[in-house]
Amino acid sequence: MRAERDHILRDVRSAAERHPLLAHPHDRHWCLWRNAIDIAAQIDVEHRVADHGYFSSRCGIEERRQPVAREKRLHGRVSYGTRSTLTRLMRSGLGHAPCPFTTPVWNSPATGSPSRGLRLAGFFESINDGAKMRVLAVQEYFGLAAKAVRFMFARPFYLGDVVQQMDAIGVESLGIVLLTGFFTGMVLALQTSVQMAQFGATMYIGRLVTASMVRELGPVLAAILVAGRVGSGIAAQIGSMRVTEQIDALNTLGVDPIKKLVTPRLIAALIMMPVLTILSDTVGIGGGNVIATAYVGIPTGLYWRTVWEQIASGGFILHYIPADFVQGLTKPFVFGGIIAITGCYFGINTKGGTEGVGNATTRTVVVASVMILVVDYFLTQVLLFLFG
Amino acid sequence: MTDTPGDTKGAPAPPEREEERRANPEEDGEPRLRRAEDELRARFAEELQEGEETQERIGASREAIVELDHVSLAFDRPILENVSLVARRGETIVIAGESGTGKSTILKLILRLLAPDSGRVIVDGEVLNDVTYEEALVIRQKMGMVFQGAALFDSMSVFENIAFPLREHTTLNEDEIEARVREKLEFVDLEPDRVMGQLPAELSGGMKKRVGIARGMAVNPAIMLYDEPTSGLDPLTTGTITRLVMKLQRELKVTSVVVSHDIRSAFRMATKIALLAERRIVFFGSPEEMTASQDRYVQDFLGGV
């Protein structure tokens, strides 16, 4: 075995070298020894494989022109900002050449059994293309957000739509947000009372409930509920407008769909999320009060005094504004933006009829919820750094 | 405009071939074609007659208003290849062809919802290839589009749907808007008082189409584009919608581009018919020329009707 391996190594090495025998192609009797020249003939095939490999990258991109086409359609119909550098590169450099090979190289009969190197190349290529698509999607997402923000400051303002969306996003979510806020406050008080009782520190229930609700649970819970209720609604509504050509109709009537559909939803979400969070916090702390008084036996006055102590302990900004409030209201503002833009993004990119609408809805809820939790962490880091 | 460069309508045979053909008619199958032409004429006599009358009344001018000049477009596969056609002011162009041949894409190109990969699209003297997105929004106000499924905004009432473009692009006050909405609804034979307050979901398919037409023509555009205006409708409603399109071109002298595979209504309303097959235009000419065409595909297409 060892000897054979050495042979192979030698053969391959000598084939790869610029062999002096190549200058004398008449020396065919060397072939009987299965020497370098013989291998060289096979290497010729291998070189073609290398060429295939090169072309396969073109095929890969050619086959994955879908995102380019999609972006092109978006530019045509909706057009978020400028065409991406990546798209331009793909279009100008490789996009237009017709793909010369239809079968993937690593399955090509010319190559026999797939070599490990080629399989690896194909694997990396698919990763590469996948990454490009994701980069494009992220770019589209932020392009949409930027355009929606820019339209906030340009006429016409569609105030009617903003009010209607504030009703849909804010008022209609009120019940569910208040209910969950109340129960979260109660369960927080209940859990902390059990823990605190071990140290005889049950009088600090108010402080714990407040710190948790104002800084974290209030904003995050409200945002995740609104993402589920409103984000999905936005995606479904805009998605069905897309599949019934209503977005095209807006475009043909000379109205930018982002301005008419996305901006009002974004404004409404940016205003209503902090409002919902304030109410959720208040009700949550109220729920804590109920448990603290009824179950643990802490007087309401003492409970609210500890609540205030907690708020004041975070310090004040500009002498009057508690730092905890600033932290607690920056988050819902950001989350509101995430919910509205994610819903609109998946809604606008809906394709494939009613099934597409369903997919857009699901994706909105998943992506928005995950984004809320991830962004929450980083935002907390930043806010703690700024306000302690 | 039968001499468009992209036009691949059968060119007249050279004289010597013509003589051979006369000498040996059976072999060439000319009588068969002649018979087919007569047959087709007889079959579409009524529509052709009506079409001629319409065209006389319109008196289409020679000025080109919509022009596609060697347009090609591809996404993940080619959609259109080297397509050229011209609509002159007042004309009605019907783009016919099988499903999936890129008919509706032509409308999207005219509206600048899509940009061609090569070639030019010119609307009312402006080359759409180079316009920005914002400029395209303004140019689109010259055009009214009627979508296949009407594409009425379902959160708005019929009145708000038709008033929408007026509120966006005109300075009319509420009374004037209401007067205009009533006028347009009456034009499409709907009773304003009955339908104005209804939501699109409460309307029948034919009514939706009519409201769609009313919305498209609300700002009195110079060009009307129709995407399959008669598809999915019963024969009676199809007739009503066809008559409506003709009334629009007769009374308001708008240029129309109609995408349709309904060749009967195409013959009734078209000045020119463009037949798309396999991403290309295989025929572009008047309905008369179409029945006379000896192109095998055209014959097959008409024969299959």
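Predicted model: local features only at pLDDT ≥ 70, side-chain atom pairs only at ≥ 80, totals over all residues.
In chain B, an open sheet is built from six strands, arranged in the order S6-S7-S8-S3-S9-S10 with mixed pairing. Strand S6 (143–146) and strand S10 (280–285) of chain B form the edges, each pairing on one side only. On average, neighbouring strands of this sheet are turned by 15° against each other, direction ignored. In general, the strands of a sheet pair through backbone hydrogen bonds, in either a parallel or an antiparallel sense. The pairing between S6(B) and strand S7 (residues 223–227) of chain B is parallel and runs over four bridges. Within S7(B), Tyr226(B) is the bridge partner of Val146(B).

Over all chains, ten aromatic pairs were counted. One of them joins Tyr345(A) and Phe346(A), with ring centres 5.2 Å apart; the planes stand at 75°, so the pair is edge-to-face. Tyr345(A) has a relative accessible area of 5% and is therefore buried, and Phe346(A) is also counted as buried, at 13%. Tyr377(A) and Phe378(A) likewise form an edge-to-face pair, because their planes lie at 80°, with the ring centres 5.1 Å apart. Here Tyr377(A) is partly exposed, with a relative accessible area of 47%, while Phe378(A) counts as exposed at 51%. Tyr345(A) and Phe346(A) also belong to one aromatic cluster together with Tyr141(A) and Phe142(A).

Charged side chains are also placed over aromatic rings. In chain A, Arg150(A) lies over the face of Phe151(A), 6.0 Å from the ring centre. In chain B, the charged end of Arg215(B) sits over the ring of Phe153(B), at 4.8 Å from its centre.

Note on methods:
Residues numbered from 1 in each chain as written. Chains lettered and ligands numbered in written order. Heavy atoms only, no water. Pairing = 2+ DSSP bridges. Helix = DSSP H or I, 4+ residues; strand = E, 2+ residues; numbered from the N terminus. Axes fitted to C-alpha atoms, helices over the stretch in contact; angles between N-to-C directions. Phe/Tyr/Trp six-rings, centres within 6.5 Å; stacked < 30°, edge-to-face > 60°. Buried < 20%, exposed > 50% of the residue type's maximum accessible area, 1.4 Å probe, protein only. Lys NZ or Arg CZ within 6 Å of the ring centre and 35° of its normal.
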